Amino acid sequence: CDFAAKFSPLARPSDADPFLVERFELFIASQEVANAYSELNDPALQKKNFDRKKSGRDDDEAAPCDDDYVAALEHGMPPAGGLGIGIDRLAMLLSGASSIREVILFPTLKPQ
């Protein structure tokens, strides 16, 4: 729970600490199975997060500003959240596989 805000630019800041965000990860048997967070719906703060130079993320991996998303926020997009479950990791857990390569669906990622 409570991850550093600079690593989760789409997540809503925590009311208790603005340097943290409302985010959590679900672990089962020491394996990450899911990632979830409350989405940031403040358009001004989201635009700032998208701006590489203002947020201190002036690097090649920082995502460019998604102006359509910011416009949706400006028009009153309601609060939202999401949960991403790793189906491959869940399959590993249920099958007892020791490697993700044993359950992955895409053959190009399997060893030859």
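User: Which side chain meets Arg12 in a salt bridge?
Analyst: Glu22 does, with 2.8 Å from N to O. Keep in mind that this is a predicted model.

User: Where do Arg12 and Glu22 lie?
Analyst: Arg12 is in the loop between β1 (3-4) and β2 (20-21), while Glu22 is in the loop between β2 and β3. The pair therefore ties together parts that are 10 residues apart in sequence.

User: How many salt bridges does the structure hold?
Analyst: It holds four. One of them is between Arg23 and Glu25, where the closest N and O atoms are 3.0 Å apart.

User: What about exposure there, is Arg23 buried or exposed?
Analyst: Arg23 is buried, because its relative accessible area is 15% and the cut-off for buried is under 20%. Its partner Glu25 comes out at 22%, so Glu25 is partly exposed.

User: Which residue meets Lys47 in a salt bridge?
Analyst: Asp67, at 3.7 Å from N to O. This pair links distant parts of the chain: Lys47 sits in helix α1 (residues 43-50) and Asp67 in helix α3 (residues 67-74), 20 residues apart.

User: And how do Lys47 and Asp67 count for accessibility?
Analyst: Lys47 counts as partly exposed at 40% relative accessibility. Asp67 counts as partly exposed at 49%.

User: Which residues do salt bridges with shared partners join into one network?
Analyst: Arg12, Asp15 and Glu22 are joined that way.

User: Switching to the sheet. In what order do the strands come?
Analyst: The order is β3-β4-β5, three strands in an open sheet with antiparallel pairing. β3 (23-28) and β5 (81-85) are the edge strands, each pairing on one side only. On average, neighbouring strands are turned by 15° against each other, with direction ignored.

User: Which helix packs on the sheet?
Analyst: Helix α4, residues 87-95. It touches β3, β4 and β5, and the direction of α4 makes about 145° with that of β4.

User: How many bridges join β3 to β4?
Analyst: Six, with β4 covering residues 31-38 and the two strands running antiparallel. Glu25 stands opposite Asn35 in β4. This is the Glu25 that forms a salt bridge with Arg23. Elsewhere in the pairing, Ile28 has Gln31 in β4 as its bridge partner.

User: What lies between β3 and β4?
Analyst: Two residues, and the strands form a hairpin. Ala29 in the turn has a positive phi of about 50°.

User: Last one. How many bridges join β4 to β5, and what does Ala34 stand opposite?
Analyst: Five bridges join β4 to β5, and these strands run antiparallel. Ala34 stands opposite Ile85 in β5.

Conventions
Residues numbered from 1 in each chain as written. Predicted model: local features only at pLDDT ≥ 70, side-chain atom pairs only at ≥ 80, totals over all residues. Heavy atoms only, no water. Pairing = 2+ DSSP bridges. Helix = DSSP H or I, 4+ residues; strand = E, 2+ residues; numbered from the N terminus. Axes fitted to C-alpha atoms, helices over the stretch in contact; angles between N-to-C directions. Contact = heavy atoms within 4.5 Å. Buried < 20%, exposed > 50% of the residue type's maximum accessible area, 1.4 Å probe, protein only.
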